[in-house]
Amino acid sequence: MKYLDEYRDADAARKLAKQIANISTQPWTIMEVCGGQTHAIVRFGIDQLLPPNITLVHGPGCPVCVTPVEIIDQAIEIAGRSSVIFTSFGDMLRVPGTVEDLLSVKARGGDVRMVYSPMDALAMARANPDREVVFFAVGFETTAPANAMAVAEARRQQITNFSILVSHVLVPPAMEAILSSPRCRVQGFLAAGHVCTIMGSSEYAPLVQKYHVPIVITGFEPLDILDGIRRCIEQLEDGRAEVENAYARAVFLEGNRPAQALIADVFRVVHRRWRGIGEIPQSGLALSEKYAEFDAELRFGVAGRTVEESSECLSGLVLQGLKKPQECPAFGTRCTPDRPLGATMVSAEGACAAYYRYRHFSEPNYVG
Amino acid sequence: MSDEFSVSCPAPHTDSERVLLAHGGGGRLMHALLENLILPAFRNPLLEQRHDGAVFDVPGRIAFTTDSYVVKPIFFPGGDIGNLAVHGTINDLAMCGARPVSLSAAFILEEGFPMDDLRRITESMRAAAQDVPIVTGDTKVVDRGKGDGIYITTAGVGVVEHTFTIGPASVRPGDAVLVSGDLGRHGIAVLAQREGFSFETTIESDTASLWDAVSELLRAQVTIHCLRDLTRGGLASALNEIAGTAGVSIALNEALVPVSDDVRGACEILGLDPLYVANEGRFVCFVPADEAGRAITALRSTDVAHGVVLAGRVVEGPKGRVTVKSPIGATRILDMLSGEQLPRIC
């Protein structure tokens, strides 16, 4: 299949892996920021091709994983109201709140619907003027423009029965939080290509300067990821620390300016709590004053609650690259995708779920 | 009094364009529904006896199966709930290696369901059941809002005319794992129709009877160890179930599993794995390695399994382990999903 098979070519992958082995003279620890990259690394077995001195650690870039429990609880409370049609992307529906998840609300009679775009939720609001339609606006800079667009369109079309429950987070502040931790062991980053498609690559220059750490903007296919790793190690071996774009087919220095303008108009930057990590300053988005009327948190009066997370769950350490999933004593025993203790076990992009799904047996034999 | 007179008079509702509660009430309207719509579609001597059940002779060992169909949307590219309900039960019999002999069909209709849609569905069932008569059935109508248009339950009886024990218990290390064709078309066709996605080409469901393919395997005297149709949960779930029950490991090579470009594209966009997507005309077949070539030749001669491939092997290893070699040559676990596959956020 064009534009796909080229980036999954086994020979090219082996060549890149060999180059990586040839240029690396010492142990290096690299973090892939995005859950989509983690998923690809584990699904394709990219780390199995790497020499043993290269360690990949999995970053906090899974929006499902880092959405705090209290916001899931807010979603559940809103979704349980009879006047509400609660809409969400699919993988948020199974994330456990304190007591239950959104699918359980649906089973109890709540009108919870999976949508593929916030614009679908807006269309639902237009078609159901007697109901309140709420969209669960989750994600990084990648999903923010479409969510902003839905709110701006709601204003333009004067659709008043539409609102969004916002849990948007931003990538650079999370990277800075990891880098500024005294326990940080990350020596280089693979930045999330799709985030940079929106935001451009210029955001990372201050991080590179302040922490002298290479940041390579990387795509999501096996060859993209191997190329990102190769470039990162080249920098590390040379003692360089630069922002490098290994995803040039999609990412430009300036990013997507109209999308950035829309985000800046509809949202404002706020402090956000990250599940498993805690509050990171200036690391999230909330609706701006101008669009506050579309804020479901205000409309339904569910703001201001905090929830204690399971003390047994090490997902915070996993999300910061300090632990591998299998180093958690609960992994695969008291914590499985069927009964997750923390969000990294829930989402397909969560590091723990990816390890559980793809790794819980050892090496096999193959045909072909 | 002729049949024709009895159904057209005196009740004016017989021409109703929609299903009414009375169509399930046991009275004249129900009689008319059977007479005008159901019986003409499925006409056969056993059904026409109009008895409480069908009485017929079956030689030797039989296989007996049942399944319910609640698919939404009812009509989708390549099929509808009707032919799905017929193929599904025929395929469950075929997976036992049993020649399908007769079927039953029970309808639960929601009040207000369009009569034209019901006609279209029974017509599609008639076409799908050409070789296997529907010999008995039932119709119920539920209040509007208490159903989802139409549910169909089919059951089937088949004759076992071989001496194999077809099932996971017969699977042995060394067995070849054959996949009968490209995967994922039914699941993506239904999803696209339900969610209103359009792709460059319309992906059609693969719904089909698998009996011809199994019949060819039997005719070629291939020692069949296990057959499983790849419905909900797809190939990945079927292999996990079989590996678990048989107490073996299975090693699959992802590069050898056929998936059409349009299904692959749809799965990439939606963040779905085609190995978990449902099929309604595909199956996996376990045979001894030295008979794999003969099995492939037999299957390739049929329309429904001409795309068959050798995609993996049964290997010694932990009970229930299914592994897959990725396109770049690394290995991973192919696990059972903990729930339905949900599209990813990004």
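Biologist: Which residues in H6(A) meet residues in H7(A)?

Modeller: Please bear in mind that this is a predicted model. From H6(A), Pro118(A), Met119(A) and Leu122(A) take part. Their partners in H7(A) are Ala146(A), Asn147(A), Met149(A), Ala150(A), Glu153(A) and Ala154(A).

Biologist: How is the packing of two such helices described?

Modeller: In general, one gives the angle between the two axes and the distance between those axes. Here, helix H6 of chain A (residues 118–127) packs against helix H7 of chain A (residues 144–156) at about 25°, and the axes are 8 Å apart. Angles under 35 degrees count as roughly parallel; H6(A) and H7(A) are therefore roughly parallel to each other. The crossing in which H6(A) passes H7(A) is right-handed.

Biologist: I turn now to aromatic rings. How many aromatic pairs are found over all chains?

Modeller: The search of the whole structure gives 8 aromatic pairs. A pair of rings is described by the distance of the centres and the angle of the planes. For Tyr291(A) and Phe294(A), the centres lie 6.5 Å apart and the planes are at 40°, so this pair is tilted. Both Tyr291(A) and Phe294(A) are buried.

Biologist: Why is the pair of Phe331(A) and Tyr356(A) called edge-to-face?

Modeller: Planes over 60 degrees apart count as edge-to-face. The planes of Phe331(A) and Tyr356(A) are at 70°, with the ring centres 6.3 Å apart, so the pair belongs to that class.

Biologist: Where in the chain do these two residues lie?

Modeller: Phe331(A) is in the loop between helix H14 (315–319) and helix H15 (351–359) of chain A, whereas Tyr356(A) is in helix H15 itself. The two residues are 25 apart, and the pair links distant parts of the chain.

Biologist: Are Phe331(A) and Tyr356(A) buried or exposed?

Modeller: Buried means under 20% relative accessible area. Phe331(A) has 16% and is buried; Tyr356(A), at 17%, also counts as buried.

Biologist: Which residues form an aromatic cluster?

Modeller: Tyr116(A), Phe197(B) and Phe199(B) form one such cluster, with residues from chains A and B.

Biologist: Which charged ends sit over rings?

Modeller: Among them is the charged end of Arg249(A), which sits over the ring of Tyr7(A), 3.8 Å from its centre. Another is that of Arg120(B), which sits over the ring of Phe75(B) at 3.7 Å from the ring centre.

Conventions:
Residues numbered from 1 in each chain as written. Chains lettered and ligands numbered in written order. Predicted model: local features only at pLDDT ≥ 70, side-chain atom pairs only at ≥ 80, totals over all residues. Heavy atoms only, no water. Phe/Tyr/Trp six-rings, centres within 6.5 Å; stacked < 30°, edge-to-face > 60°. Buried < 20%, exposed > 50% of the residue type's maximum accessible area, 1.4 Å probe, protein only. Helix = DSSP H or I, 4+ residues; strand = E, 2+ residues; numbered from the N terminus. Lys NZ or Arg CZ within 6 Å of the ring centre and 35° of its normal. Axes fitted to C-alpha atoms, helices over the stretch in contact; angles between N-to-C directions. Parallel < 35°, antiparallel > 145°, perpendicular 65-115°, else oblique. Left-handed = near helix turned anticlockwise from the far one by under 90°. Contact = heavy atoms within 4.5 Å.
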